[in-house]
Amino acid sequence: MASASSLFLASPIATAPRTRTNATPSPLPPARPSLRLRQQPLAVAAALQAEHQPAVAAAPKPPALPFRVGHGFDLHRLEPGLPLIIGGINIPHDRGCEAHSDGDVLLHCVVDAILGALGLPDIGQIFPDTDPRWKGAESSVFMREAVKLMHEAGYELGNLDATLILQKPKLSPLKETIRSNLCDLLGADPSVVNLKAKTHEKVDSLGENRSIAAHTVVLLMRK
């Protein structure tokens, strides 16, 4: 089982609130990795370690199985004037995710899949949206913590399969960029990380460009 001390977050985070832009969007920059990380005060990191220690410590110790499987799901509402971050990449679009953190639907469901495979609390328990410290936080912080917990529990990534569901924008030109950044965050070879993108055939909020969702399945292998 991952030690409680693993919740000490060495990765810096952004705490500035996300703001809406004007209703008429200006030309968006090319897709690039999000660069909003800032230095996290040591006092905040120490407080986080103490605060989340009970949640992880209370989780039952997983048996030493040769492999473990986890599933993650996330959905966010899309609103005009907000940045759209997918897999740590800023995607050009006139809408973005309404969320407490940066609203990265892909990284959130990958984190939940890893935590689920380990039998640990979900992302909402470890990083609650009621905590102002996570306002606008970079989701790569959550990813690094999940990967850290995975290794401390004695597992490594066997393979990952993720599906993004959104009507717009088309992600085909950016899919490999997103997958590459996801591999970097996982510390995984590209051959074990698969990413798919689907529309919702104009059905419900997903098909009407009012929301975005993602599913992820992970296989963890005993080291």
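This is a predicted model: local features need pLDDT of at least 70, side-chain atom pairs count only at pLDDT 80 or more; totals for chains, interfaces and linings use all residues.

Residues are numbered from 1 along each chain as its sequence is written, and side-chain values use heavy atoms, with hydrogens and water left out.

**The whole chain**

- The protein chain has six helices and seven strands; helices (H or I, at least four residues) and strands (E, at least two) are DSSP runs, numbered from the N terminus.
- Of the chain's 223 residues, 49% count as buried, where buried means under 20% relative accessible area, exposed over 50% and partly exposed in between (1.4 Å probe, protein chains only).
- Take the contacts (heavy atoms within 4.5 Å) with a separation of 6 or more: 81% of them are between residues 24 or more positions apart.

**Helix α2**

- α2 is largely enclosed by the rest of the structure, because twelve of its 13 residues are buried.
- Among those buried residues of α2 are C109, D112, A113 and A117.
- Just past the end of α2, G119 has a positive phi of about 70°.

**Helix α4**

- α4 covers residues 139-152, and its 14 residues reach 20 Å from first C-alpha to last, close to the 20 Å expected.
- Ten of the 14 residues of α4 are buried, so to speak mostly covered; they include V141, E145 and V147.
- What do the buried residues of α4 pack against? Their partners are α2 (105-117), α3 (123-126), β5 (155-165), α5 (175-186) and β7 (211-222).
- Just after α4 comes G154, with a positive phi of about 90°.

**How α2 meets α4**

- The axes of α2 and α4 come within 9 Å and cross at roughly 20°; axes are lines fitted to C-alpha atoms, for helices over the stretch in contact, and angles run from 0 to 180 degrees between N-to-C directions.
- That makes α2 roughly parallel to α4, given that angles under 35 degrees count as roughly parallel, over 145 as roughly antiparallel, 65 to 115 as roughly perpendicular and the rest as oblique.
- On the α2 side, the contact uses L107, H108, V110, V111, I114 and L115, and on the α4 side S139, S140, F142, M143, A146, L149 and M150.
- By class, this contact has ten nonpolar, three polar and no charged residues (Ala, Val, Leu, Ile, Met, Phe, Trp, Tyr, Cys and Pro count as nonpolar, Asp, Glu, Lys and Arg as charged, and the others, Gly among them, as polar).

**How α2 meets α5**

- α2 and α5 pack at an angle of about 40°, with their axes 12 Å apart.
- That makes α2 oblique to α5.
- Here L106, L107, V110 and I114 of α2 meet I178, L182, L185 and L186 of α5.
- The contact of α2 with α5 has eight nonpolar residues, no polar and no charged ones.

**A loop glycine**

- G187 sits in the loop between α5 and β6 (193-198).
- Is G187 buried or exposed? G187 is exposed, with a relative accessible area of 70%.
- G187 and R144 are 43 residues apart in sequence, and their C-alpha atoms are 9.6 Å apart in space.

Definitions and conventions: The expected span of a helix is 1.5 Å times one less than its number of residues.
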